[in-house]
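Colleague: I would like a close look at a single part of this model. Please keep to what can be computed from the atoms.

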Amino acid sequence: MIAPKKISLHIDGKSCEGDQGQTILEIARANKINIPTLCYLKELTPWGGCRMCIVEIEGSLKVAPSCTTPAMDGSKITTKSDRLYQLRRATLELLFSERNHLCPMCPYNKGDCGLQHQAYMHGMDSIRYPYLYPALPEDVTGRYFGIDHNRCILCARCVRTCDEVEGVHTLDVSNRGIKNLIVVDMNQKFGESTSCTSCGACVANCPTGALFDKAAAFRGPLASCQQVTTTCTECPVGCGLKVYIKENRIVNVWGDPDSPVNRGHLCVKGRYQTWAEPRERVLTPLLRKNGKLEKATWDEALAVIRKGAKSANKTEKALLVAPRVTNETAKTITTVSDKVDRVGMFVPANEAALCAEPSYTADALQKLQDADAIIVIGAQPTTDNGVVAARIRTSVRQRGAKLLVFHTHKSDLDRFADISANIVSLEHKFWDKVAAVLKGVQRPAVVYGPNAMTSIGVTVMERLIKILEKNPSGREPLLIGLPISPNSLALAGTGIEAIEDVAPWLDAKPIKFLHIVASSAPDGGAQILQEKQVPELLQQIDCVVVQAAYASRLTEAAHVVLPAAIWCEKSGTITNFEGRQLSLRPVLPMSGEAREDGAILETVFA
Amino acid sequence: MIRSHVLVCGGVGCISSGCHAVQEALASELKKRGLDSEVQMIETSCMGPCDLGPVILIHPDGTFYQRVTAPDVAALVEEHFVKGRPYKKLLPKGKVGENVVTTARDFAFMAKQTKIILDNCGLIDAENIDEYIARDGYAALGKVLTGMTPDQVIAEIKASGLRGRGGAGFPTGVKWDLMRRAPGTPKYIICNADEGDPGAFMNRAVLEGDPHRVVEGMAIGGYAMGANRGFIYIRAEYPLAIERLKIAIDQAYKSGLLGNNLFEKGFNFDIELRIGAGAFVCGEETALMRSIEGKRGQPQPRPPFPAQRGLWGKPSNINNVETWATVPVIIRNGAGWYNNIGTEKSKGTKVFALAGKIKNTGLVEVPFGTTLRDIIFEIGGGIPDGKQFKAVQTGGPSGGVIPGQHLDTPVEYEALQKLGSIMGSGGMVVMDEDSCMVGVARFFLEFCCDESCGKCPPCRVGTKQMLNLLDKICSGEGTLTDLNQLEQLCTIVRDASLCGLGQAAPNPVLTTLRYFRHEYEQHVREHRCVAGECTALQLSPCENTCPLHMNIPGFLQLLKEGRLDDAFEQVVMDNPLPSTTGRVCQHPCETRCRRAGMDASVNMRETHRYIGDVAYQSHVAKKVLKRILKRKKPATGKKVAVIGAGPTGLGAAFYLALLGHKVTVYESAPDAGDMFFHYALPQYRLPKRVVDREFAFIRSVGVQFKFNAVPGKTLKLDKLARDNDVVFLAIGTWEEIALGIPGEDAEGLYASLEFLTAVACGKKLRLGEKITVIGGGNPAIDAARRAMRMGADVTIVYRGSREDMPAIPDETEQALEEGAHLITMAAPVRVLVGKDGRVTGLEVAKIVPGKFDSRGRRTPVITKETRIIPCGTVIKAIGEKLDSRITKALGLETTQWKTIKVDPWTLQTSNPKVYAGGGYASGSANVAAAMGSGKKAAKMIDEALTGLDRFEELWPKFEYDWTIPPSGQGGARNPARLLPVEERKGTWIDVSPTFTEWQAKAECLRCLRCDIKTGTDGKPR
């Protein structure tokens, strides 16, 4: 890369330096000169629509939007003048007259409302124009968020976010002029939308209360909240979270813009499911008495566990963990493993093969963005790793990358793909088509999930790599392994065996004492009960201990239930699929008598 | 052998007026007569004069036929092709003074044009590439590819001075050069054919008439700028243009003029069509490119410019259809040739679409520098129906309105900008006196508001707020604050909007405010729309046009219901001199009567005269007087002096007295008479007894009269001002304007008023046997008719044409019937004087029509050709002016036209105690206007004296039927009754008897009741 040419210009009389190609706004902000904006967001394509960032350029009679106007070497810019103030203020007044922007009645007072802020900055105490206030509809059919068009200023930040960050283009503007309305798909409701992924990025980027998180409504301004950054443990991507808390309650969860992984973007799991979904917590130890689980103290519970543990030999004891515990807990597991016959982690089908040779791809997300062809095999990023799916979509839509999807289930990526095919039924001549699409590709990336590890999956992979190798200009494809479980690769790295089928593992040798670490799995670890024999096998075990954060059928089947910490109470690290060590910070104190996974294990196996 | 070609216009205008039926008829008629082997018929594209369609042009003789219908065809073929002479019935009218023209070359519409872009339109078959090639088509592309470098092509375009025809006028060569130098590949070129201005259809005509020209231009541009792919973005509303473009592109590919390796020079060029969905904003280049990309068509700020980052982020060049169409001609004929046409800064020709209130609606192409006047009046034929020109809107909805005083502006980019308008794509919408300028601004703004994409708040919300303000003003609810806010918003929307749409949207408002501010103020202050377009501000068109704002539908309905007393009360309250005005009013009410659209306007004047006459002849007047006096306000103790008992003074005095003020009217005429009513108006038009009755009525409401009060002599104005709370000056214009020709002071030359009053007073005048009257107004006709009754042989000399005469046409007609001679288009140049110092004749010069003035009338040009009219007496009736002694006595400021300076809204003079109305304040006016001014003065004086708005309280509230009458009842119009000419000639009294009851009732039935306004459900609101 050639370093961009340096330019210098005067902004409000201050001499400023910048790079050629930078906009006036970028250089002004870098030089700590504040220019008001409403529709501008650093990570989005400049839009130039709100007319707040207008500046005067010497030699031009017209005002220019600083967010889109490239800075010219030697130019003289004025950002503050009476004319600009009048125009900006009139623009604000027109916005306030257009729709209902009465702050006290805003259902979602973020407190950092961009419109309100600008009104304060411009000393706006009255509006010259009559209020138009058409009665516009609200749409609250979405699972986690809604839109109140009456609050909308049509800055299109949501539209651009949906298009450029999440890459689904669910949102757009409909109609002309004063009838403009943000529209979902082909004028559907959020609840009916087939393209919306509920990533909530639009809400996070809305400068007013038009798009609002239902769970955060009426919780007061975010500015008054404490902010803690931590890491999402719902999938192996490991997105940085910025959690807003107030009085020991979560008010909202946004992506951490400083996270090198997700750079502020989240999927529905990290953004909402962990806190906006009602889930039944286990808050005290529970003991089965007369066939029913009853509250107990830690001491009572531990006494029962010890009794159960004592009555079993080492060979009759087993430890089964969920692949979402922290690296520190994993270490504890290895230290206690000699006290049990066997330690296993239950993983989804075919993931054991990924765990067999754990491989990380450094900066995979960044590289996905640079790829000119992306091949997805046996993975379902849309449902399993939303942020990866967003990166794939944006690479395809913004930068024209090719996309080939080989899978066993349909996904929303299909509609962006050049080729999408069922992995089990690939005909011969099909490969000519694939070769044609991949012709001339220079920076290919292959994202493979657990289902790529089947024999047919491996054949397809080999075939693809052969085609890519034939490309004269082609580099070796970038291989990105993408498991489903959050920390399974790191756990496998410590030597913990990955178990796909729990029943045979349990049945291999008779067990009298089984400790299951379900941790904060949203299903409370109930996934293992899906195998037919598992419930029966559990019944045959004398003492089943489940440490889980959430109540489930599994805890129902346990003799002792121990309250585990959830994501926002945990500390430690996890390793994401790029091989990054990412820290968890306790956002909230432990609820009830919950304890961290490692601490519980240490106590139990002390 | 083909001896003649018949070109039948197949433009969209002619298609809709039925040219296909004409073609069929022509084909079968030619075949029937066995002429089909000699005469070839060709369907061409638009020839331009769309309003005259279907049109036919016959070569080689160039005969042009207009408004041809299928039934005409047989006669046309018989005359033209069999008998070999033009078929006169369908020939167009030529210049004024000449009757018909046969060839297109002589037809002003065609003759004044210079066709470069439209060269082939209307001549060739647009769907045949061979015809284009035969007209040197694709020669320019060949020239460029085989002998010119891209730089040479760009240099040629630069040298030609061609500027972008899309509206902004950016130099095309410079734009091409920027594009050529822009880094990045591939490059794209785009033809903008998203013509969206209301009333503009230039691009459509070119695309329909000569599509290959655009294709060729684009290929040349592609070669010059290094682009191999071009797009034509055309709106879906142009199906024929799309069809013909498709054919043209297809033919070009087949002929090797598009595609790969053109002229075997290794240059590849492809053109694709993109159909727009009809969004006006997609004519903006950045929005257009987004639309081509398949995205929402919204503009983006520039820079970056398309040449830097355009279609799909690549360097792109956009030019308008007309620009592309001009390129091949420039290359073919050379930059030097093109550079010679037009003005210094605007080169070449421009196509304009003439629309609105203009005779020759259609397309015209003229060199830059042609004046608006030439385009509108010479080529466009002026305003139809004898209406006055008011303004022309150029540049479409984002352009501005240009008023009459700027008609001599040469059409070029900079000149139009200076007037606050723009060239735009070339739409010209002509407006006449019936166009409300607030309504015009509202119309164009509504268009922009609807078409705003909504991206930026100033345009999205600003235009809507402006539209709401204009709605408010048009519905009479606007205030002066609203007007201020409207102006403020104009600036904000103009300066803060993102793209050209928003930046230019306020232009129609800004220019109408600039040139027609008084109309806005009239809407706001008086809740009046003089043009009559704002229906919320009027009861009905007749009420709106009546200077007295009489409730005409109301009294017609009351009379229809047999309620003569109520009808009379309504009439006399609206107009205290019903019998008088019923005889002498110019009845402007009838000019806008909607019944005229069915058969003829309602005879409102005669009906209202009937009500007055019948009421006075019966007990009704007295009965009504009692009712009116019951509503008279208690005495206020305020004293008002009204000077002059003419229409203005009486109009004011009547209401002021009813409002409780002590009113005294001072009149210079002797003995209970008024100069105007009793002396100036002849008895046979207005019998004295009629006026006396009405004077008595006014006296009965409490008005006092003092006669023989001559200002400056028997009336001391300064004392009057001291003794009264308000002085209202209602003195007419009595001093005759001088002719300014030799012999004017000869004996036997009289001013019309001097003559009329002398006759009325029975003064003996020494008159010749032959009398010449100079002038065309009512005083001239009155003088002529009186002179004839005194036995003279009368000749009327007027400088304009008969249609231009300001006198009531019926009166002129009657004068001619009674034996007067009329010489029009003649100007007096000398009064011949005999040895005794008496008049012996008048020498007049022939006048020919000259240029059009700002109202669309031709200014007279006096020629050297003269004639002598022998006569013993000359009466001049060319207008009156003010007596300046009065203004001096009261120390009042005057205007440049020597009228009293008054506040137009309050009629107050520079002396706050003194008000002035009628001719004295506004210059000469007719009776109704003078009375209207008095009525207004009464309202204003009362408001000033009492601080209350109680004028309306004087009126009774009548309940009457409020259902819309069945359409068309009442039969034909009843003309005013008139004695037969033989009886009339000799008589000095009422030549026109009052309507019969039956006639009056019939006229009431004829009223369509425009005062009943229906909602969308059809029910009265």
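How many salt bridges does the rule find across the interface of chain B and chain A?

Modeller: The model is predicted, and across the interface of chain B and chain A the rule finds three salt bridges. One of them joins the side chains of Asp495(B) and Arg83(A), with an N to O distance of 3.6 Å. By type, the residues on the side of chain B that touches chain A are 15 nonpolar, 11 polar and seven charged.

As for polar contacts between chain B and chain A, the count is 16 residue pairs, with both residues at pLDDT 80 or more. In contacts of any kind, 33 residues of chain B meet 33 residues of chain A. Together the two chains bury about 2600 Å², and 57% of this area lies on carbon and sulfur atoms. On the chain B side, Arg296(B), Arg460(B) and Gln465(B) supply 22% of the area buried against chain A, more than any other three residues.

One further residue of chain B can be described, Glu521(B), placed in helix H21 (residues 507-526). Glu521(B) counts as buried because its relative accessibility is 16%, under the 20% cut-off. Apart from neighbours within four places in sequence, Glu521(B) is in contact with Leu483(B), Glu526(B) and Trp905(B).

How values were computed: Residues numbered from 1 in each chain as written. Chains lettered and ligands numbered in written order. Predicted model: local features only at pLDDT ≥ 70, side-chain atom pairs only at ≥ 80, totals over all residues. Heavy atoms only, no water. Helix = DSSP H or I, 4+ residues; strand = E, 2+ residues; numbered from the N terminus. Buried < 20%, exposed > 50% of the residue type's maximum accessible area, 1.4 Å probe, protein only. Contact = heavy atoms within 4.5 Å. Buried area = accessible area lost by both parts, 1.4 Å probe. Salt bridge = Lys/Arg side-chain N within 4 Å of Asp/Glu carboxyl O. Polar contact = N/O pair within 3.5 Å; in protein donor to acceptor, adjacent residues only side chain to side chain. Nonpolar A, V, L, I, M, F, W, Y, C, P; charged D, E, K, R; others polar.
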